[in-house]
Amino acid sequence: MAFRKFAYILSATLFVGTIVVLVARGGPRMGVDFTGGTLIEAKLTPNEPADKVRAALDNAGFRQAELQNVGATGDYLFRLQQTSKEDPFVLIKNAIQKEMPGTEVVLMRAESVGPKIGKELRSKAIWAVLLALGGILVYVGLRYEFIFAVGAVISLFHDVIITLGVMTFLGREFTLTVLAALLTIAGYSINDTIVVFDRIREQSRLLRRESLKDVIDLSVNQTLSRTILTSFTVILTVLALLIFGGEVIRDFALCMFIGVFFGTYSSTYVASALALDIHGPAAKGMRR
Amino acid sequence: MYKNLKWKALLTVIITAVSIYYLVPSFRLYSQNATQRAALPTEDITKLRDKSVKLGLDLQGGMHLVLEVDKTGLKEKEAEDAVDRAIEVVRNRVDQFGVAEPLIQKQGANRIVVQLPGLLDPQRAKALIGQTAKLEFVLVSTPDETKDLVNRLDAVVAQRVPAVRDTAKYPYFDPEKPISSRMLTIEFGGVFFGEEDAPDVEKFLTEAGADSALPIDSRLAWSAETEYFQGRPGKVLYFLKTKPELTGSEIATARVGINLDPDKPNSPGVSLTMTRAGSSIFSRVTGANIGKQLAIVLDGKVRSAPVIRTKIPRGEASITGNFTDKEAADLSIVLRAGALPAPLSVVEERTVGPSLGQDSISKGVTAALIGSLFVIGFMCIYYRLSGILAIFAMVLNVWYLLAALAALHGTLTLPGIAGIVLTIGMSVDANVLIFERIREELRTGKTVARSIEFGYERAFRTILDSNVTTLISSAVLFQFGTGPIKGFALTLSIGLIANMFTAVFVTKLIYDAMVSRRRLESLSI
């Protein structure tokens with residue numbers, strides 16, 4: 001646990017950095033799922049340069065529309081603030097074809113969320129995160145000492161927030177899929193913590209004379225390799241998703257990648273350190 | 001210690017056999033290409049589809065709509081079953097539109113979810129579903145009444161809308177007579193405004209709350225399409241009687257017809273046939289109002305307002321306009337299916353085009369294969385023979401996962417594929433934990449058999465606990481998520497449960513089988 005101070009400083013820095021990034025950018029960059037609005041992906045054949053498409057939209061009065069080129073094959077993402085009564089894809093298609101006749105515009109996907117639904121999804125998302133963390137807290141609390149569960153959940157919260165911060169820093173959008181990734185990280189990143197806790201429980205039964213600090217130190221060291229190995233196998237598959245999974249799933253994969261990375265670090269250095277410190281120096285042995 | 005081996009092996013064989021049984025239809029269905037599928041009788045295909053893993057809208061392309069029923073303006077009694085009636089109407093329309101396996105269901109108190117897989121023209125379907133299709137036959141005020149009402153509107157707008165006095169912005173409007181100063185003519189009961197003025201007039205009338213200033217038996221309605229007066233394009237404002245003489249509920253059938261409007265030959269329209277009761281009302285109304293105009297009003301817009309020349313005994317009418325063939329066909333569908341009891345608004349839409357769906361499948365499969373290759377490579381290098389055992393368990397894990405998806409009639413979505421890819425990475429975790437433990441036991445000098453026994457026993461709790469925590473968060477996701485996310489939560493959950501069996505039970509069985517045959521001096525781990 002000599003690393004404890006170092007881990008705390010690093011985590012605190014990351015955490016504060018995350019808060020700074022989040023505040024500076026006015027919270028995570030919410031996708032249409034949570035803000036309401038319209039997202040359209042369309043393929044233009046032949047491919048037209050972005051500034052031409054931009055100009056076509058401007059001429060048609062779509063000044064608030066955000067335009068983003070995805071991939072090199074004429075795929076464009078259009079973000080519109082509001083949902084209109086008329087079909088936004090038809091409006092965009094007409095605007096483009098008016099300026100560039102002969103261009104074929106094919107709808108890849110459209111996501112349109114009304115402001116009311118956006119608000120509902122936002123509160124649902126918050127509830128989902130709280131419920132998941134709460135559920136894990138209760139389960140781990142039942143299976144291990146409650147103090148350990150608190151340490152584990154604090155470190156989970158740390159993982160989720162930092163992942164969110166990094167995603168925001170990279171300018172990625174917070175969507176339902178990213179929420180799914182965050183919850184999965186919450187469920188998965190605690191696995192390493194459990195491996196360590198299990199070992200602590202086993203060792204403290206064997207080594208009754210050692211202090212809790214020594215037991216935790218020993219346990220973390222003994223399980224370090226498997227903690228890294230298990231995360232590594234998941235990182236491998238997440239990498240495959242990130243590279244080959246395509247645009248739609250990219251944010252999910254990226255979020256998982258960041259989350260698993262920080263999750264491994266936090267289970268090793270943060271969770272058990274927290275458990276020790278919350279536990280306080282008074283406690284020598286452990287129940288069970 | 002090894003006496004139960006046979007039974008355990010038998011259990012594994014049975015489970016595997018069952019999983020093969022459930023997966024065969026999916027493999028048969030998805031291994032065929034479109035032409036092979038077309039060659040099979042539809043019945044067989046339907047059967048096969050029922051038993052196969054279903055693809056989500058994000059993979060096969062399609063549209064997911066959430067519609068909200070706008071109950072404002074409904075009486076309390078009407079509001080009660082408005083959603084159910086709206087669902088009926090929507091279902092009728094979708095059925096007539098012809099979509100395979102649509103899903104239409106109520107969500108919450110006043111929402112309807114509509115899922116239309118494999119749709120080629122989502123815009124058209126949306127227009128078809130969302131149109132209120134409230135059809136009315138309404139008498140139009142006479143020219144004299146109309147003149148009167150225009151004067152009244154002049155006064156109301158001049159008084160209530162200060163903007164009309166802004167001569168800089170509206171130089172052509174007479175502040176005292178904002179409406180009549182811009183009208184071009186009154187033709188029968190219709191007031192014609194040029195294209196350039198019509199939007200301003202409409203805005204002024206709305207701001208002034210003109211409808212409330214009219215006598216109780218009158219209301220305003222605009223023409224649905226651009227009309228022409230002496231070659232000038234514009235819109236026509238009508239003063240209609242409040243109470244319709246006849247509504248869409250008296251329509252028996254609606255058909256696409258051609259040559260319905262002598263002015264527009266060859267352009268399609270919709271011809272209507274009324275019910276028997278409707279015919280007699282129509283005959284009475286036309287008989288009593290010869291010389292007056294009867295407006296055909298669809299969703300508050302006047303489609304046409306012909307003058308009644310003679311009593312019409314047969315209940316027949318038509319709706320004409322600048323329709324394309326498709327629009328006329330869709331209008332006839334909505335009129336046949338009936339009007340919605342209240343307007344619907346789209347509050348959520350998720351549409352995936354068929355090409356993106358196909359692309360997502362191939363990319364998802366590529367990612368899954370490459371992800372497995374990474375894991376396989378790593379496990380083989382790091383754990384050698386035991387690694388191969390873990391890979392076998394992983395493959396079995398994914399196999400069972402797919403079989404369970406087919407058995408539970410689950411839907412595979414793109415996030416669902418991501419769930420499978422994650423399962424591949426997580427499923428070997430259990431084996432990593434076990435193998436590391438066995439290595440540790442071997443280092444303390446225990447025999448191979450005992451090390452295996454201890455390794456499994458001690459790693460089991462950890463594996464159980466870690467799988468349960470992931471299950472907790474995927475259960476929450478399943479509860480809160482929308483379609484594609486639910487698919488993710490489902491595959492991940494099944495994957496983790498199957499993992500307890502494949503990574504722990506099956507691999508242990510194989511080790512036991514190896515150890516029980518002969519004494520192993522060393523273990524490839």
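## Chain B as a whole

Of the 525 residues of chain B, 44% are classed as buried; a residue is buried if 20 or more other C-beta atoms lie within 10 Å of its own, exposed if 12 or fewer, and partly exposed in between, with C-beta atoms placed from the backbone. This is a predicted model, in which local features need pLDDT of at least 70 and side-chain atom pairs count only at pLDDT 80 or more, while totals for chains, interfaces and linings use all residues. Residues are numbered from 1 along each chain as its sequence is written, and chains are lettered from A and ligands numbered from 1 in the order in which they are written.

The radius of gyration of chain B is 35 Å, whereas a compact globule of 525 residues would have a value near 24 Å. This radius is taken over C-alpha atoms, and the globule rule is 2.2 Å times the number of residues to the power 0.38. The C-alpha trace of chain B spans about 110 × 55 × 45 Å along its principal axes. Its secondary structure consists of 16 helices and 18 strands; helices (H or I, at least four residues) and strands (E, at least two) are DSSP runs, numbered from the N terminus.

Contacts also describe the fold; two residues are in contact if their C-beta atoms, placed from the backbone, lie within 7 Å. Among contacts in chain B between residues at least 6 apart in sequence, 73% join residues at least 24 apart.

## The contact between the chains

Chain B gives 55 residues to the contact, and chain A gives 54 residues. On the side of chain B that touches chain A, the elements giving two or more residues are helix H7 (122-130), strand S17 (344-352), helix H13 (354-407), helix H14 (414-443), helix H15 (448-480) and helix H16 (483-517) of chain B. That side of chain B has 28 nonpolar, 17 polar and ten charged residues. In this classification Ala, Val, Leu, Ile, Met, Phe, Trp, Tyr, Cys and Pro count as nonpolar, Asp, Glu, Lys and Arg as charged, and the others, Gly among them, as polar.

Strands of a sheet pair through backbone hydrogen bonds, either parallel or antiparallel. Here two strands are said to pair if DSSP finds at least two bridges between them. An open sheet of eight strands has the order S2(A)-S3(A)-S1(A)-S4(A)-S17(B)-S2(B)-S4(B)-S3(B), with antiparallel pairing. Strand S2 (66-70) of chain A and strand S3 (103-107) of chain B stand at the edges with a single partner strand each, so one side of each has no neighbour in the sheet. On average, neighbouring strands of this sheet are turned by 25 degrees against each other, direction ignored.

Strand S4 (residues 104-113) of chain A pairs with S17(B) in the antiparallel sense over five bridges, and A:Glu111 stands opposite B:Arg350 in S17(B). Within chain B, strand S2 (residues 62-69) and strand S4 (residues 111-117) pair in the antiparallel sense over seven bridges; B:Val66 stands opposite B:Val113 in S4(B). Helix H5 (residues 115-143) of chain A lies across S4 of chain A and across S2 and S17 of chain B, running at about 65 degrees to S17(B). Axes are lines fitted to C-alpha atoms, for helices over the stretch in contact, and angles run from 0 to 180 degrees between N-to-C directions.

## A sheet within chain B

Chain B also has an open sheet of three strands in the order S12-S13-S16, with antiparallel pairing. Its edge strands are strand S12 (251-258) and strand S16 (316-319) of chain B, each pairing on one side only. From one strand to the next the twist averages 25 degrees.

S12(B) and strand S13 (residues 268-274) of chain B pair over seven bridges in the antiparallel sense, and B:Gly257 stands opposite B:Gly269 in S13(B). Helix H12 (residues 325-337) of chain B packs on the sheet and touches S12, S13 and S16 of chain B; its direction makes about 170 degrees with that of S12(B).

## The nonpolar core

A nonpolar core is a set of buried Ala, Val, Leu, Ile, Met, Phe, Trp, Tyr and Cys residues joined through C-beta atoms within 7 Å. The largest such core has 230 residues, and those touching the most other members include A:Leu182, B:Ala86 and B:Val421. H13(B) provides the largest share of this core, 20 residues. Leaving aside neighbours within four places in sequence, B:Ala86 is in contact with B:Val69, B:Ile112, B:Leu340, B:Pro341, B:Ala342 and B:Leu344.

## Two single residues

B:Ala513 lies in helix H16 of chain B and counts as partly exposed because it has 14 C-beta neighbours inside 10 Å. B:Ala513 and B:Glu316 are 197 residues apart in sequence and 83 Å apart in space, C-alpha to C-alpha.

A:Ser11 lies in helix H1 (residues 4-24) of chain A and counts as buried because it has 21 C-beta neighbours inside 10 Å. Not counting residues up to four places away in sequence, A:Ser11 touches A:His158 and A:Val270.
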